[in-house]
Amino acid sequence: MEKKYMAEPYKIKMVEPIAVTTRAQREEAIKRAGYNTFLLDSDDVYIDLLTDSGTNAMSDNQWAGMMLGDEAYAGSKNFKNLKKAVQDLFGFKHVIPTHQGRGAENILSQVMIKQGDFVPGNMYFTTTRAHQELNGATFRDIIIDEAHDSTLELPFKGDVDLNKLQALIDEVGSERIPYICLAITVNLAGGQPVSMANMCAVYEMAQKHGIKVMMDATRCVENACFIKQREAGYGDKTIREILRETFSYADGCTMSGKKDGIVNIGGFLALNDDELYQKSTALVVVYEGMPSYGGLAGRDMEAMARGLYESVDYNYISHRLAQVRYLGEKLDAAGIPIVKPIGGHAIFLDARRFYPHIPQDHFPAQTLAAELYLKSGVRSMERGIVSAGRNKEGQHHYPKLELVRLTIPRRVYTYSHLEVVADSVIDLYQERETAKGLRFVYEAPVLRFFTARFEPLG
Ligand code: F0G
């Protein structure tokens, strides 16, 4: 019998009850939260799709590893295990643990960037770009143009446009480009992967000009799985083989273990260059801790070492992508506007096309996130005009993409949960004309999406 979908390659040993609320309770809760899903108490949330970051379910093997935490200040055996796992799976020589991904971004940006430099990248990520800018660099987006269009179906929509990279090198000179920041996959483009051919070509061009390539490896296992499934010549390779080849096209990487490391906290910086490593160890003691723990307990390093090995199991990772695809295909079949193709960690609803009657400055994506919570207790995240903030003149940035992200935590929810999500989005779409938009009642000057408060229009 042909399977309708890939069932979970794990079974449930421990459960966590979640809040089943009434419409009246949700109306109270979203009002208290100022119609901002970031301000909801998790106690009031039924299915939490705010993020896939640190929301993963660990395995029995990881929890067993937690009990073997060697909480020594220096030279913990769990550090040795983590280092061995990263060397084995990623192939880099040096490993520095950090409290999470942005801890590694901070150190990398400080050791590599000089005032006035340029850092090209395949679309920005908030914290990554913030660290580059704090150290005096200008970020340049070198992703292919197609990545900014939510309707175009391409297998590797995270790819770098080599002409844009060459143009930047010609414009500013390679000596002002300390490294290329290559994200695999690209979060804000919709979890879109980068092809092996593109990574190889970027690395070749970088080497020719004496520029380093530093990968944002946060969702590198999802990227590897897409390569196996979509790129010619990789169907028979293992995820481990694909990862090793991936990182052979890089000089180092930053990693948020809270995603593909399948843990709740942790990250690392990995490097080949001895001098860069020396400089980084001098900084890690200032910001994180000893180079052998970097802001993590021994038990956290053990959980991440074990999580990394679990992540390269094809049954695990192909099921993860299958779950995300299942939700996306259900919505697509019902005519719901989503970012295409379906990415690795989330489904992105296109709120512009969902609520075409709500102008962007009445916050269609914010409205949709609030409506979805009201409908069924599902929490999602606005990624549109509210997240984009204001310019120096105080005007809104008007981003092309006005999205709501439904992010799937790893190994946490079942297909039944995804059915609930799909059904409530479809119900909302059927009654879309009734949605009216929101207006600000409070707005912070920076990163306003975290704390903004709204009230309904009309
Ligand atoms: N890079 C990417 C691509 C990310 O998505 C994130 C975090 C980071 C770096 C930073 O890692 O959170 O461990 O410091 N993304 C989360 C999200 C917050 O919800 O997408 P961190």
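Which residue forms a salt bridge with Glu-419?

Good morning. This is a predicted model, in which local features need pLDDT of at least 70 and side-chain atom pairs count only at pLDDT 80 or more, while totals for chains, interfaces and linings use all residues. Residues are numbered from 1 along each chain as its sequence is written, and side-chain values use heavy atoms, with hydrogens and water left out.

To answer the opening question, Glu-419 pairs with Lys-330, and the closest N and O atoms are 3.0 Å apart. A salt bridge here is a side-chain nitrogen of Lys or Arg within 4 Å of a carboxyl oxygen of Asp or Glu. The two partners come from distant parts of the chain, 89 residues apart: Glu-419 belongs to helix 16 (residues 415–430) and Lys-330 to helix 12. Helices (H or I, at least four residues) and strands (E, at least two) are DSSP runs, numbered from the N terminus. Side chains of opposite charge can pair when their charged atoms come close. The structure holds 29 salt bridges.

Let us turn to the domains. Domain 1 covers 23–52 + 314–456, and domain 2 covers 62–311; these bounds come from an automatic or database domain assignment. Their C-alpha centres lie 27 Å apart. In contact, meaning heavy atoms within 4.5 Å, are 26 residues of domain 1 and 29 residues of domain 2. Together the domains bury about 2,400 Å², with 54% of it on carbon and sulfur atoms. Buried area is the accessible area (1.4 Å probe) that two parts lose on being put together, summed over both.

How many salt bridges lie between domain 1 and domain 2? The count is six. Elsewhere in the list of pairs, Glu-222 forms a salt bridge with Arg-410, with the closest N and O atoms 3.0 Å apart. On the side of domain 1 that touches domain 2, the elements giving two or more residues are helix 12 (314–333) and strand 9 (346–350). Helix 12 supplies the largest share, seven residues.

Next, the ligand. It is surrounded by 16 residues, the closest being Thr-51, Arg-102, Asp-216, Ser-256 and Lys-259; a residue counts as near when one of its heavy atoms lies within 4 Å. A polar side-chain atom of Arg-102 is 2.6 Å from an oxygen atom of the ligand. For Ser-256, the corresponding distance from a polar side-chain atom to a ligand oxygen atom is 2.7 Å. An N or O atom in the side chain of Arg-219 lies 2.9 Å from an oxygen atom of the ligand.

Finally, I draw attention to some backbone details. Ile-184 and Thr-185 are joined by a cis peptide bond, with omega about -5°, and Thr-185 sits in the loop between strand 5 (179–183) and helix 7 (196–208). A cis peptide bond also joins Lys-340 and Pro-341, with omega about -10°. Pro-341 is in the loop between helix 12 and strand 9. Met-123 is not a glycine, although its phi is positive, about 70°. Met-123 lies in the loop between strand 3 (118–121) and helix 5 (126–134).

Terms used
Polar contact = N/O pair within 3.5 Å; in protein donor to acceptor, adjacent residues only side chain to side chain.
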